[in-house]
Amino acid sequence: TSIRLSGITPSGHAQLGNYLGAISRWVTDGGPEDLYFISDLHAMTTTHNPAGLRSRATEMLAVLVAAGIPPEHVFVQSDLARELGALTWILECTCSYGEAARMIQFKEKAAGQAGVRLSLLTYPVLMAADILLQGASEVPVGEDQSQHVELARVLARRFNSTYGEVFTVPRAVLPITGARVRDLADPSRKMSKSNRDAVGVVFVLDEPDLIRRKIRRAVTDTQSTPAYEPEERPGVSNLLEILAACTGTTPQEAAGQHASYGALKEATADAVIETLRPVRERTRELLTDPAELERIRKAGASRAAQRGEHRLQSALRLIGAA
Ligand code: AQP
């Protein structure tokens, strides 16, 4: 059976886009071998706040489990820091500098920045280690990450042919995606957890009142009757997409059911509040039970470490160490 591996970076609090676009689909459409991890090590390639990162990683774990992902399929990346550190080194010794330096994302993120962290350059190699350690064969990623999966593929093949067969050669697959959610205050951009200006971002853990206020203030346009026209009317179309995703209809149908922008906003707020309510409540419960959360976390970490142990040992041996 094929293992699909997906990560979510705790670069901020989980937001509605993460939930409707990814997490809720992982729950409903995920395969029995699929793995999910909180990529906290990846959140350290640019300036970061240690305490904030730690608490967001824990919170993200709680959100994934609360959303219904089986705890045995989730782990926190840094709980495997030793294994991943060792495998990253092996893979760095299998990768050329030029291969890393030509990654488009590195070039984009490093351009014009002073004090670029070396980890921003080597991050795709850590990503390869994430994938190869678990023996994942499929990696659901968007366009922006497909070059990194390609690198993981190249490194797995190269290692296997140079030193001996150890790694499953992974491939990028299209992610199972739900709605694409846009920022409520600026519908020209996608909703993002790291957006500093949070008025346009609904967080999974926002209280109902706050969710309603954010949705009431959502930017629309000068017209007054809802219609689904993503290009011409991105704001109102975004509300229709959100409402449709929460209620299991289509944006076009949702448009027909609401006569005014005001009515649409109220309906969208109701739907989002009810969709997020169980996740928020269960997450809060888990967060007030650190012992249970710790148990879940340790179990996930030890399963993930065990899954990779023989590959790491073989790779070390074959490359001339251990
Ligand atoms: N607005 C969105 N609509 C639909 N899906 C979304 N995802 C993110 N934003 C939206 C999906 O959530 C998953 C996890 O995302 P990630 O942690 O890999 O980072 P991201 O895609 O960059 O998400 P953010 O929230 O925008 O984070 P930052 O601010 O750090 O960049 C992915 O499957 C993603 O498609």
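Student: Which residues does Leu-64 touch, not counting residues up to four places away in sequence?

Tutor: Two residues are in contact if their C-beta atoms, placed from the backbone, lie within 7 Å. Leu-64 touches Ile-23, Tyr-36, Ile-69 and Val-74 on that count. This is a predicted model, in which local features need pLDDT of at least 70, side-chain atom pairs count only at pLDDT 80 or more, and totals for chains, interfaces and linings use all residues. Residues are numbered from 1 along each chain as its sequence is written.

Student: How many residues does the largest nonpolar core have?

Tutor: In soluble globular proteins, nonpolar side chains tend to be buried together. A nonpolar core is a set of buried Ala, Val, Leu, Ile, Met, Phe, Trp, Tyr and Cys residues joined through C-beta atoms within 7 Å; buried means that 20 or more other C-beta atoms lie within 10 Å of a residue's own. Here the largest such core has 86 residues, and Leu-64, Ala-128 and Val-272 have the most contacts inside it. At least three residues come from each of domain 1 (5–173 + 290–319) and domain 2 (198–285), with bounds from an automatic or database domain assignment.

Student: Which element gives the most to the side of domain 1 that touches domain 2?

Tutor: Ten residues of domain 1 are in contact with eleven of domain 2. On the domain 1 side, α2 gives the most, with four residues. Helices are DSSP runs (H or I, at least four residues), numbered from the N terminus. The C-alpha centres of domain 1 and domain 2 are 32 Å apart.

Technical notes. Helices (H or I, at least four residues) and strands (E, at least two) are DSSP runs, numbered from the N terminus. A residue is buried if 20 or more other C-beta atoms lie within 10 Å of its own, exposed if 12 or fewer, and partly exposed in between; C-beta atoms are placed from the backbone.
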